[in-house]
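I set out to record what I looked up in one protein model. The entries run from the whole chain to single contacts.

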Amino acid sequence: MHSSPRHGRCSGRQLPQAARSSAPSAQYLEAQSLTLILPLHKIHNLHPSTEPAMPPPESVEELHASVSDRPIRPARKAAQGWYEEDLERLNDGYDERQRDGTVVHRNGLNDWLKMVPKTIEGSSLPIPGARMIIGPHAGYFFAGKTAAWAYSVLDLQNVKRVFVLGPSHTYGLTGCAVSNFSAYATPFGNLVVDEDTVESVRKEADLDYMDHRGEKNEHSLEMHMPYLYKMCEKAFNSPDEFPTIVPILVGNNSMSESKRMAQVLLPYLRDPENAFIISSDFCHWGDRFDYMPYLPTRDIDHIEELSVGSKAPVGSPIHESIRILDEAAMEAVESGSHEAFVNVLRKTGNTVCGRYPIGVAMAALELYSEDVEDDEKAKFKVIYYARSEEKLVDPRGSSVSYVSAYAVL
């Protein structure tokens, strides 16, 4: 696996972009849940739970008041093959023999972290004050390298609490919801949920708790936990010093609803003891996503729709259309304008699955920017971009895009 530069429209600079030279094993692909490849509107209630139903309490508050020790959320996606359960394989990868007898190394977290340059945007790593990142939540084979860039810049110095905001893939959600659990398990160890802050945010924003089964199956939050634990090991002397986590699921929100949630989070942005992880993949292109736009003139004002029965375009390849659509979204993210981000997604229909968590984050950054005079602060900077299928030319194929970005607070 290697990287090659691309010219990003976002800021006129060179952005690194991944290139993939080998496919995952059939066993790995079979292990991937369908939620990796289906958009939010197609995956709600896709997999009926086989777990026994819990008797309904008189109220959600009564349920939580009656449980002195909330359960630990299991690392379900590790068991399903989204990342390795074995610590050595998770850290350092492993060699896999192919059918033709060749051996391919499957990267681990250490491999991906070593691929990140020692400096980004002229700064050593982590970037001082980079307390908010955007990172992907796909299986590590696909998005592990991109995520490494986000986590390499994340500044955890003095941080005692990490908010993790992700979209819901497991059940329909309007508004936001907070965690039911006391901790999130990872193969490295558990990350403890800050239950006091969870309750404070829930009451201040008048939120519900997450659907219990939905949270157990949700990958947008879990996929960040091993990387976060790994970076905590680098930043702190022992797990006793690790920051707690505040998992928040962000469902369908209007701009005004996003701004209300941003107001609740604003005091935490102002406090240097808090960091924020915003979970999102970018463009989901293909029939399986009901999204197959094509830009024959490479212009987002001229979008055509392909189908699985369409012939491969003769002119600009499909992957160029995906890149341009993603660059329009990334440019809006970097603009610092929540409204600009919402408008570009309305215009292009780009299937950015974490559009609502990003929207809440951008609304909060807009409010925070009123406190600071430095134009370099309180705006996202995109530092890495990749796609699961770098050279998509056949309309029968599909691709998911991944982005790493950070904001200095």
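**Entry 1: conventions.** I worked on a predicted model, in which local features need pLDDT of at least 70, side-chain atom pairs count only at pLDDT 80 or more, and totals for chains, interfaces and linings use all residues. Residues are numbered from 1 along each chain as its sequence is written, and side-chain values use heavy atoms, with hydrogens and water left out.

**Entry 2: totals.** I listed 15 helices and 20 strands for the protein; helices (H or I, at least four residues) and strands (E, at least two) are DSSP runs, numbered from the N terminus. Of the 409 residues, 56% are buried, where buried means under 20% relative accessible area, exposed over 50%, and partly exposed in between (1.4 Å probe, protein chains only). The protein exposes about 17,500 Å², and carbon and sulfur atoms supply 47% of that area. Areas come from the Shrake-Rupley method with a 1.4 Å probe; for residues, only the protein chains shown count as cover. I then took the contacts with a separation of 6 or more: residues 24 or more positions apart account for 77% of them. Contact means heavy atoms within 4.5 Å.

**Entry 3: strand S15.** Is S15 (residues 274-279) mostly covered or mostly open? I found 6 of its 6 residues buried. Asn274, Phe276 and Ile278 lie on one side, and Ala275, Ile277 and Ser279 on the other. I next looked up its partners, taking two strands as paired if DSSP finds at least two bridges between them. Strand S8 (residues 130-135) runs parallel to S15 and is joined to it by 4 bridges; Gly135 has Ser279 as its bridge partner. Strand S9 (residues 161-167) also pairs with S15 in the parallel sense, over 5 bridges, and Phe163 is partnered there by Phe276.

**Entry 4: an open sheet.** I traced an open sheet of 3 strands in the order S3-S11-S12, with mixed pairing. Strands S3 (72-73) and S12 (190-192) are its edges, each pairing on one side only. S3 and S11 (residues 183-185) run parallel and are joined by 2 bridges, with Ile72 opposite Ala183.

**Entry 5: Gly172.** I located Gly172 in the loop between S9 and strand S10 (176-178). Why is Gly172 classed as partly exposed? Gly172 is so classed because its relative accessible area is 49%. Gly172 and Gly251 are 79 residues apart in sequence, yet their C-alpha atoms are 7.5 Å apart in space.

**Entry 6: helix H12 and its neighbours.** Two packed helices are described by the angle between their axes and the distance between the axes. Axes are lines fitted to C-alpha atoms, for helices over the stretch in contact, and angles run from 0 to 180 degrees between N-to-C directions.

- The axes of H8 (residues 195-205) and H12 come within 9 Å and cross at roughly 145°. I noted Thr197, Ser200, Val201, Glu204 and Ala205 of H8 against Met261, Val264 and Tyr268 of H12. By class, this contact has 5 nonpolar, 2 polar and 1 charged residues.
- The axes of H12 (residues 255-270) and H14 (residues 338-348) come within 11 Å and cross at roughly 145°. Here Met255, Ser258 and Lys259 of H12 meet His338, Glu339 and Val342 of H14. The residues of this contact divide into 2 nonpolar, 2 polar and 2 charged.

For these classes, Ala, Val, Leu, Ile, Met, Phe, Trp, Tyr, Cys and Pro count as nonpolar, Asp, Glu, Lys and Arg as charged, and the others, Gly among them, as polar.
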